[in-house]
Structures are given as C-alpha cells and as structure tokens.
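Hello,

Here is the structure I promised to pass on. Please have a look, and then read my notes below.

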Amino acid sequence: KAFNDCYSHRVGDQVILAVAMAGQDFFGKEFLYRIGGDEFIWVMDTSEEEALKRAEEFRFHIERNTLTAVNELLIEKKVNVPKRSEFYQIQFPVTISQGVAKWAEHGNTFDQVKSAADTGLYVIKEVGKNAVAYKSQVKSKGDKPLNYTKPLIGVLNELTSDKGAADWW
C-alpha cells in the first residue's frame, strides 16, 4: 500500500511481482498462492520450528534483497517512478509481515487456518510490521520494524521541497 500511495500502482505492481518471484524461488512455485492484493499464502508441509525458521529467512531475504530487485524491474520495464525526476528507482525498503498457522492445530478448513494466520498479522501491526507471528505472538522481526508513515512522509517532503508533505497531500 505504501508503494501505491507514494509512487503509483504501477510501481506497487512491480513490488508485488518481485515478492512473488522471490517467493517462488524460496518456497517453490507449487507452494505459492496469491490470494489478492499484496496477500500471499506459502504452503509448507513441515514442523512448526521449520516453518518459523523459513518464514524468518524469507522475511530477512525480502528486507535485504527486494529493493534492488524492484528497482531492476522498474528499469527493465521502464516504469516511470513519479518522483518528479529522471530516476526509475524507489528509495524505501520492501518488507513483509507473515502470519504462520498450522493445519489441524488452527483449523481443518482453509478459512480457519487463514484466519489464524491473519490474527498473527494483526498482532504484528502493533510492533510496526516487518515481522513473523505465530499463535498471536511475534516470533521474529527486522532490526528496525518498519512503520511506513515516517519513510512515506520523508519521501513526500523530499518531493515537495518547498512545502511539507501534509500540504502536498
């Protein structure tokens, strides 16, 4: 959402594409499902410990590598980033939050298990995103849990050097 709001839906689409491509590489194409917007489901047949380990590894991978991948996609596809400049690059990091749920323990239907994972995502919002949650507890998070408000305001202030971001909006 922050990329859509700050840079445009075309840029936001490239962010979703970069995360999806990373997910396919990381988890395997047959285990990745996009269920809408920026929501994905990774299906793993593994233990709780292994699922949490893989989720944290993927969170870290996205945090460290996806900004570069998105910028490469933007340049390759010549997607103009509305920064009122000649550059095709975005500036603030791509991060993900993941709610982990386990079949049978959290439910026996897709909706029940998805609801349990969603509960973890709501808990993550309390710490600022960029984290992994299981059983309504944050299990791991990035060095700097990302609250998009500050980076977004910073970018908007840069774009509107003579005005504050609030005036620009």
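Helices (H or I, at least four residues) and strands (E, at least two) are DSSP runs, numbered from the N terminus. Please note that this is a predicted model, where local features need pLDDT of at least 70, side-chain atom pairs count only at pLDDT 80 or more, and totals for chains, interfaces and linings use all residues. Residues are numbered from 1 along each chain as its sequence is written, and side-chain values use heavy atoms, with hydrogens and water left out.

Strand 3 and strand 4 (residues 131-134) run parallel and are joined by 3 bridges, and Q98 stands opposite V132 in strand 4.

Now the charged side chains. A salt bridge here is a side-chain nitrogen of Lys or Arg within 4 Å of a carboxyl oxygen of Asp or Glu, and by this rule there are 6 salt bridges. For exposure, buried means under 20% relative accessible area, exposed over 50%, and partly exposed in between (1.4 Å probe, protein chains only).

- E105 and K135 meet in a salt bridge (2.8 Å, N to O). E105 lies in the loop between strand 3 and helix 4 (110-125) and K135 in the loop between strand 4 and strand 5, so the pair ties together parts that are 30 residues apart in sequence. E105 is partly exposed at 40%, and K135 is partly exposed at 44%.
- D118 and K114 form a salt bridge, with the closest N and O atoms 3.2 Å apart. Both sit in helix 4, 4 residues apart, so about one helical turn separates them.
- R64 and E63 meet in a salt bridge (3.0 Å, N to O). R64 is partly exposed at 42%, whereas E63 is buried at 15%. A network of salt bridges links E56, R59, E63 and R64.

Best wishes

Definitions and conventions. Pairing = 2+ DSSP bridges.
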